[in-house]
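Dear colleague,

Please read the notes with the coordinates open beside you.

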Amino acid sequence: MESIRGKVAIIGVGMIPFGEHFEKSMEDMAQETYINCIKSVDKGIEPKKDIKAAWLGNLGRLFGAGAMSGSWLATQIGNTGIPITRIESGCPTGSDTLRHAIFGVASGMYDVVLALGAEKMREKPGTESLIALGTIGLGGHPSWTWGSTAPAMQAVYATRQMYELGYTMETFARVAVKNHHNGKLCPFAHYRYEVTIEDVLRSPMVCWPLHLLDCCPQTDGAAAVIVCRADLAKNYTDKPVYVLGTHVGLDHSFYWDKHNFIEMLATVRAANGAFDMAGIKREEVDFAEVHDCFTNTEVMNYEDIGFCKKGEGGPRLMEGYFDIDGPLPIQPSGGLKAHGHPIAATGISQICECFWQLREEAGDRQVKLKNGIALQHNVGGAGFGVSCVTITSRNP
Amino acid sequence: MTMPAPPSPVHWRLNPEVYRLIGMRCKDCGHITYPRRKVCPKCGSFNTENHKLSKKGTVHTYCINYVLPPEIEPPAPIAIVDLEGGGKFQGLFTEVAKPEDVKIGAKVELVLRKILTSRGIAMYGYKVRLVEEG
């Protein structure tokens, strides 16, 4: 596989604070995000002259947004003269949207492009969106997903992690404690309060062994990134962030075909592909934004990305290894757990966080940098069968 | 409640799978899956045959769901079952007196039960029941 390293840079990012935005439409959120993103370019950008293509991320259909296409984004940014494609790729929708934008530039087709993800999850009650998923024959399967809501899809992994690896509900709760602590420091986070292990264990059971505070919230949000040819990046900013590698990894959509329930093969494959492209080792990563839709997922991610061996994730977490002041901070933004998970905005917002952290502009939640390298990860879709990992750096 | 997709055509089309548990066995790699497939999802081979799933197995992993769509009553244990003779099955439990009776390694059998009613159509399928030991 050819590498994209050295070809692509990020020159600007923008988002809106994540939360319950009943007062804002999808259109409001996308436009505010776009304005913030354009204004973030240090030396300025003329969007209608410079931006030659765009990609829109939106899962939409579950949450009542209807069938959107690129023309919706064209209207929001006042530019119908460029090609725009909509991407829908489960929970990694945002990161996969960005990946397409990155390839648009890496291919040599465009010099500057936009990737924007927006999701309005609070417009419909959960009983009509995510929970309703537990009643339909999804993807042509006769008994997927009776009763198998999003927490249930992940809880069957949590049970097996406890059985095979000796993890406990306290192990998973420690993820929530860490991520809420970081979220409190992040002005863009949906939840800005601390929780304790006892708070998590006392919160209502959603799907045993996962409590309410083990689950990420349903959030409205939008985020955008401007991607540029690496050799042109300094025209826009003295501090571009470079893309070292980006890869999508897959596994089967249905649990009938899974090889085990303690590992997400999609994550393993996405991480291996991204690290191969980047040509770096796991130890060179300074911090990561990973997919903690549920607390146990984050523990699995440590191991599946390759930051540690299977079974070591829990003990390292308990030692504070992944705390914001630890050796490998994970989720300085608060993660999906506290920052929120507006599906198509999530991956792009994680890249916004990597951008700010790598430029040392993250304020109270700034992590210490050694190599100036960040990793971003999502995993999801039916049966957690799709993952995307993107590695960025302050150096080309 | 508005359904994201009508379930009945899927159910009608997959009648042999739903009521007779017809899955697929790959003659090249031996993978067993459900429902039937023309292409083996594991190795990509076209050399597949029908395989009737066993109705007996053991619990590989499970969860107990408390937040469910209206027609499924909580608490609802859900299992991933390792079937005798190969293959897996994922399903809701039935006839569980206490959710804590469900354990990894517990012996179970698949039994035909009503799952839910959708748009006036009763949907039947296999649920998982604990087998009493002894």
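In which loop of chain B is the place of B:E95? B:E95 sits in the loop between β6 and β7 of chain B, where helices (H or I, at least four residues) and strands (E, at least two) are DSSP runs numbered from the N terminus.

Before going further, please note that this is a predicted model, in which local features need pLDDT of at least 70 and side-chain atom pairs count only at pLDDT 80 or more, while totals for chains, interfaces and linings use all residues. Residues are numbered from 1 along each chain as its sequence is written, and chains are lettered from A and ligands numbered from 1 in the order in which they are written.

**Backbone points to check**

Most residues other than glycine have a negative phi, and most peptide bonds are trans. Against that background, B:E95 has a positive phi of about 55° although it is not a glycine, and because 10 C-beta neighbours lie inside 10 Å, B:E95 counts as exposed. Burial is judged on C-beta atoms placed from the backbone: a residue is buried if 20 or more other C-beta atoms lie within 10 Å of its own, exposed if 12 or fewer, and partly exposed in between. A:F384 also has a positive phi, near 50°, in a residue other than glycine; A:F384 belongs to the loop between β10 (373-380) and β11 (386-393) of chain A and, with 26 C-beta neighbours inside 10 Å, counts as buried.

Two cis peptide bonds deserve a look as well. One runs from A:W208 to A:P209, with omega near 10°, and A:P209 lies in the loop between β5 and β6 (210-211) of chain A. Another joins B:P74 and B:P75, with omega about -5°, and B:P75 is found in the loop between β4 and β5 of chain B.

**Where the chains meet**

On the chain B side, 39 residues are in contact with 33 residues of chain A, contact being taken as C-beta atoms, placed from the backbone, that lie within 7 Å. The elements of chain B that each supply at least two residues to this side are α1 (8-13), α2 (15-20), β4 (56-65), β5 (76-83), β6 (88-92) and β7 (107-118), and β4(B) gives the most, with six residues. By class, the side of chain B that touches chain A has 26 nonpolar, 10 polar and three charged residues; here Ala, Val, Leu, Ile, Met, Phe, Trp, Tyr, Cys and Pro count as nonpolar, Asp, Glu, Lys and Arg as charged, and the others, Gly among them, as polar.

β4(B) also pairs with strand β5 (residues 205-208) of chain A, in the antiparallel sense and over two bridges, pairing being called if DSSP finds at least two bridges between two strands. Within this pairing, A:C207 stands opposite B:N65.

**Chain B on its own**

Chain B is divided into domain 1 (7-53) and domain 2 (54-134), with bounds that come from an automatic or database domain assignment, and the centres of these domains, taken over C-alpha atoms, are separated by 20 Å. Chain B also has an open sheet of three strands in the order β2-β1-β3, with antiparallel pairing, whose edge strands are β2 (32-33) and β3 (48-52), each pairing on one side only. Strand β1 (residues 22-26) and β2(B) pair over two bridges, and B:R25 has B:I32 as its bridge partner in β2(B).

In soluble globular proteins, nonpolar side chains tend to be buried together. Leaving aside neighbours within four places in sequence, A:L116 is in contact with residues including A:A30, A:Y34, A:L73 and A:A224.

Lastly, 13 of the 16 residues of helix α5 (residues 150-165) of chain A are buried, so α5(A) is largely enclosed by the rest of the structure. Just after α5(A), A:G166 takes a positive phi of about 75°.

With kind regards

Terms used: Contact = placed C-beta atoms within 7 Å.
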